[in-house]
Structure formats: structure tokens, C-alpha cells
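Let's take a walk through this model, one region at a time.

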Amino acid sequence: MNKTRKMVPVPSKSIMPESDIDKTPILHAQQLGIDFGGLAALRNFDISVGRTEICGLIGPNGAGKTTVFNLLTNVYKPTYGAIVLDGKATMGKTPEEVNRMGIARTFQNIRLFQNMSVLDNVKVGLHNSCHTNLFSSFTHMFGYSKAEKVADERAFELLGFFNMESTANQRAGALPYGDQRKLEIVRALATNPGILLLDEPAAGMNPSETAELMEQIRKIRDTFKIAVMLIEHDMNLVMGICEGIAVLNYGRIIAKGTPDEIKNNPDVIEAYLGKKAEKAC
């Protein structure tokens with residue numbers, strides 16, 4: 001069952017949970033677009049995401065979904081348009097600076113440090129809250145040991161969110177596939193984001209794991225009081241968890257709405273299934 005809240009329209013032609021409407025959106029993209037060698041990969045992408053919203057970005061393969069995530073995290077620089085994250089423009093920022101501003105992501109293809117321990121993977125994500133300098137890291141002086149202890153405690157706390165504390169000393173690459181997916185989410189959460197972008201988080205998971213993931217995403221939103229935006233092909237997950245959905249096709253948004261509105265939208269049905277066969281004469 002989709003435990004959603006009432007959605008209301010906002011000026012960017014998006015919708016937002018009513019409980020977020022009196023707050024500045026955590027993320028706002030306006031007229032966003034990018035060209036690759038003269039080919040328009042994305043055009044006029046507008047979206048506003050509420051501070052505690054779970055929203056979905058869906059569309060056929062090649063529609064431009066991961067391109068959107070790459071733009072929102074400044075991996076790609078937009079040809080035109082603007083991105084405002086937590087009230088501040090991200091133009092000219094590096095991906096690392098944008099991460100510190102409050103956006104974190106996972107990837108379609110898992111990008112863990114495979115030969116590092118699970119614990120150390122999470123601690124990499126804690127760099128935003130690490131205040132020791134290079135000299136103290138070599139000398140173990142001036143609070144380094146204390147900071148390391150705090151980092152260990154926080155990493156274990158985050159792993160506990162997915163009941164993964166017992167894996168802390170295992171090599172990340174040796175984890176089962178589903179746990180590697182979870183570890184990537186934990187590492188992203190370690191950066192203390194205001195919005196978490198999940199790129200196909202249920203890929204490769206069985207139905208039981210997917211159902212568990214749905215509850216964990218809700219728990220992430222409720223526990224950390226952050227927004228979650230996900231790309232996903234599993235429509236049961238999308239329709240079961242997302243409050244607002246935007247649909248991309250050929251680099252353009254063709255529909256926005258609630259899950260009920262999206263699944264009954266003829267343009268969305270056509271994008272996924274193709275035009276209905278014409279009746280024979």
C-alpha cells in the first residue's frame with residue numbers, strides 16, 4: 001500500500017507534499033537542459049522536490065534519467081538552466097562541493113571500494129564531518145584519535161540502520177549483491193545529505209528484498225528527515241512508495257503527477273507500450 005501524503009501543486013508545475021509546502025524546496029531545477037555534440041539529451045527539465053518528499057523519475061531506457069542525476073550532482077554541466085539546492089545555486093560548483101551542499105547519490109552500477117572493508121567504505125562518506133587535518137592524520141595528534149573513534153561510532157550507527165553491523169570488517173566486494181546495494185546507500189547517508197538520489201536501487205533484487213527496500217526508504221525519509229528521489233524500473237516499487245512522479249521520454253518530461261495519475265496517463269502508457277495498433281479497415 002502506498003502510504004503517501006496529500007500532494008498539492010507548486011509554481012514549477014510540480015506537486016509537493018502538503019506538509020512541505022510552507023518550506024523552501026530542498027531541490028529546484030528550472031529549464032534544465034544539456035546537449036552532447038549538438039544532440040539535445042535533455043530539454044526544459046523542471047522539478048521541485050519537497051524537503052521530506054519521496055519522488056520518482058521514470059521513463060523508458062535512454063530517456064535521460066541518469067543524465068538528470070549527473071546534472072543535479074554537477075558531474076555534467078548544464079548547457080542551460082539552473083539548479084538550486086537548499087536555497088543555493090550550484091552553478092560553478094564541483095561534484096564534491098555540491099555533495100557538501102547537501103546532495104548524495106548511489107549509482108546504477110555499484111561503485112563501492114571493493115577491496116576496502118565495509119566500515120571503511122562508510123567512513124569515506126563521513127568526510128563532510130571530518131575536521132582533522134593532514135598533519136594530525138599522520139601524527140595521530142590534535143584530536144585525530146578522538147575523531148577516528150567518533151567516525152567509527154557513527155559508521156556503526158549507520159550500518160545498524162540496515163542491520164549490517166556484523167559485516168563491518170568484511171571486504172565490501174565480498175558482500176552479497178543486495179548488501180552491496182545497501183552499503184552504497186549507507187555511504188551516501190554518511191555524507192549527511194538533505195536529498196538522497198537513488199539510481200535503480202532495486203536492480204537485481206528479488207521481490208522480498210524489494211519489499212524490504214521500500215520500507216527502508218520510507219524509514220530513511222522519516223528517520224533522517226530528508227527527501228529521496230529515485231530512478232527505478234520496478235513499477236511496483238515506484239507506485240508503492242513515491243508521492244510524486246515525473247516521467248521522461250526522449251529527454252523531455254511528458255507527465256508529472258501522483259502514482260494514480262501517472263499510471264492512467266495515456267502519454268505515459270504510449271511511451272512505455274507504444275501506440276495502439278490501428279483498427280483494421
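Helix α3 is mostly covered, with 6 of its 8 residues buried. Here buried means under 20% relative accessible area, exposed means over 50%, and partly exposed is in between, all with a 1.4 Å probe and protein chains only. The covered residues of α3 are Val118, Leu119, Asn121, Val122, Lys123 and Gly125. Helices (H or I, at least four residues) and strands (E, at least two) are DSSP runs, numbered from the N terminus. A word on the source: this is a predicted model, where local features need pLDDT of at least 70 and side-chain atom pairs count only at pLDDT 80 or more, while totals for chains, interfaces and linings use all residues. Residues are numbered from 1 along each chain as its sequence is written, and side-chain values use heavy atoms, with hydrogens and water left out.

Now look at Ser117, in the loop between β8 (103-105) and α3 (118-125). Ser117 has a relative accessible area of 17%, so it counts as buried. Its side chain reaches the backbone nitrogen of Asp120 at 3.0 Å. That is a polar contact, meaning a pair of N or O atoms within 3.5 Å; within protein, one must be able to donate a hydrogen and the other to accept it, and residues adjacent in sequence count only if both atoms are side-chain atoms. Leaving out residues up to four places away in sequence, Ser117 touches Ala168, Asn169, Gln170, Arg171 and Ala172. Contact means heavy atoms within 4.5 Å.

What about the protein as a whole? The secondary structure comes to 10 helices and 12 strands. Of the 281 residues, 49% count as buried. Among contacts with a separation of 6 or more, 68% are between residues 24 or more positions apart.

Next, the empty space. Rolling a probe the size of a water molecule over the atoms shows where it is left. The search runs on a 1 Å grid over the protein atoms alone: a cavity is a set of points where a 1.4 Å probe fits but cannot get out, and a pocket is an open set with protein on both sides within 12 Å along at least five of seven lines; lining residues have an atom within 4 Å of a point. Points are joined across faces, edges and corners, and a volume is the space filled by probe spheres set on the points.

The largest pocket holds about 620 Å³ of space. It is lined by 25 residues, and the closest to its centre are Asn99, Ala104, Arg105, Phe107 and Arg187. Two or more lining residues come from each of α1 (65-72), α2 (95-101), β8, α3 and α6 (177-189). Which element gives the most to this lining? That is α2, with 5 residues.

There are also 2 cavities of 30 Å³ or more. About 100 Å³ of space lies in the largest cavity. Of its 13 lining residues, Ile15, Ile47, Gly244, Ile245 and Ala246 are the closest to the centre. Strands β2 (14-17), β4 (39-49), β5 (54-58), β11 (244-249) and β12 (252-257) each supply at least two residues of that lining.

Back to α6, where you'll find Ile185. Its relative accessibility is 4%, so Ile185 counts as buried. Not counting residues up to four places away in sequence, Ile185 touches Thr106, Phe162, Leu196, Leu198, Leu213 and Ile220.

A pair of rings is described by the distance of the centres and the angle of the planes. Rings of Phe, Tyr and Trp (its six-membered ring) pair if their centres lie within 6.5 Å; planes under 30 degrees apart count as stacked, over 60 as edge-to-face and the rest as tilted. The count comes to 3 aromatic pairs. Phe161 and Phe162 have ring centres 5.3 Å apart and planes at 75 degrees, so this pair is edge-to-face. Both Phe161 and Phe162 are buried. Phe161 and Phe224 form a tilted pair, 5.4 Å centre to centre with 55 degrees between the planes. Phe161 lies in helix α5 (residues 144-161) and Phe224 in helix α7 (residues 207-224), so the pair ties together parts 63 residues apart in sequence. Phe224 is partly exposed, at 23% relative accessibility. Ring pairs link Phe161, Phe162 and Phe224 into a cluster.
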